[in-house]
Amino acid sequence: MRSIWNGAISFGLVSIPIKLVNATESHSVSFRQIHAEDGGRIRYRKVCELEDREVTQAEIGKGYEDADGSIIPITDEDLAHLPLPTAKTIDIVAFVPADRIDPLQLEHAYYLAASGAPAAKPYTLLREALKRSNRVAIAKFALRGRERLGMLRVVDDVIAMHGLLWPDEIRAPQGVAPDVDVTVRDKELDLADALMDTLGEVDLADLHDEYREALEEVIAAKVSGEAPPETPEPAPGGKVLDLMAALENSVRAARQSRGEAVGEAEEGAEPAAEEAEVRHLPRRKTAARTAPEKASAGKRSTAKKTAAKKTAAAGSEKKAAGSKSAQAGKKAAARTGDKAAAKKTPAKKTAARKRTA
């Protein structure tokens, strides 16, 4: 790897010659500006305003614009004579616990390589001292025209340095937090904890830039004259009406995506109103089913006997009802005959009286 800066680490009275190497690289797909009408390249040319001509990179220097608009030239020789000990030195000023550094301050990352064999021993000494102390070194260094703050730590067997923003470069988060009073219930926090536990951890090495891969597929299709791949349909987004239901559904979806069995809602949590969950109980072994099957057979036999008794009783009731109906019919017929006989008797008496007269 090509070094971008040569200097030394100042560790008390110990000086460690080092080379500064970029620890990161960009894999972003770069685009060129073109004229949309004919595809011609759009280029930026560096033109001197006084001479109205394009100049080369070798002719370009640095200059500071004063408040009145005048330009003050600054040469590399001027920068080389800066009255700073950090012009070519990474000056360690303190050792602190790593959690003292706010991640908001982190900038670019560099590897520090020992420059030559004589630097190997003090380089290794500083590296092992950092390892054993579980601390990081805070240092000052000058790079690209300004003094910077840095943090030195150990990565594998190498000392790495992160550029840090100065504390006054970190903006206060005023007006960013919600300006309304919100109450978060314990049940909601429990579900949020369950969701975090379900999602678990991830190996950052398994993550990759899917956007870049999709962009490369589109470019490859254009080069080969094929139609670009179709855009997948976005997942339908529902309106979240209940935070508890949304949390429960999120926990359920996360567990299903990991192939875990989906259990009931957390104890004490309100049930989700959006969908019901059906769980199938696991089958038991044959031996375990023997006793329940016998009991079930006994219950079925008892139920059959009870039904037979009910049927016989119903038949008896029907016979009894028929017998009662028959007796009632005889009685009715008897009463009808008596009435008829009663009606005939007065007529005979009348006829007898007439003959007598």
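This is a predicted model: local features need pLDDT of at least 70, side-chain atom pairs count only at pLDDT 80 or more; totals for chains, interfaces and linings use all residues.
Close-up 1. Look for asparagine 134 in the loop that joins helix H2 (120–133) to strand S9 (135–143). Its backbone deserves a glance too: asparagine 134 is not a glycine, yet its phi is positive, at about 55 degrees. Most residues other than glycine have a negative phi.

**Close-up 2. Aspartate 156, between two strands.** Here the loop runs between strand S10 (146–155) and strand S11 (158–164), and aspartate 156 sits in it. Aspartate 156 also has a positive phi of about 55 degrees without being a glycine. Its relative accessibility is 68%, so aspartate 156 is classed as exposed.

**Close-up 3. Helix H4 and its two ends.** Helix H4 covers residues 210–223, which makes 14 residues. At the start of H4, a side-chain oxygen of aspartate 209 comes within 3.2 Å of the backbone nitrogen of tyrosine 211. Just after H4, glycine 225 adopts a positive phi of about 75 degrees.

**Close-up 4. Glutamine 105, a buried loop residue.** Glutamine 105 belongs to the loop between strand S7 (89–97) and strand S8 (106–114). Its relative accessible area is 14%, under the 20% cut-off, so glutamine 105 counts as buried. Which residues is glutamine 105 in contact with, leaving aside neighbours within four places in sequence? They are Leu149, Gly163, Leu164, Leu165, Trp166, Pro167 and Ile170.

Key. Residues are numbered from 1 along each chain as its sequence is written. Side-chain values use heavy atoms; hydrogens and water are left out. Helices (H or I, at least four residues) and strands (E, at least two) are DSSP runs, numbered from the N terminus. Buried means under 20% relative accessible area, exposed over 50%, partly exposed in between (1.4 Å probe, protein chains only). The expected span of a helix is 1.5 Å times one less than its number of residues. A polar contact is a pair of N or O atoms within 3.5 Å; within protein, one must be able to donate a hydrogen and the other to accept it, and residues adjacent in sequence count only if both atoms are side-chain atoms. Contact means heavy atoms within 4.5 Å.
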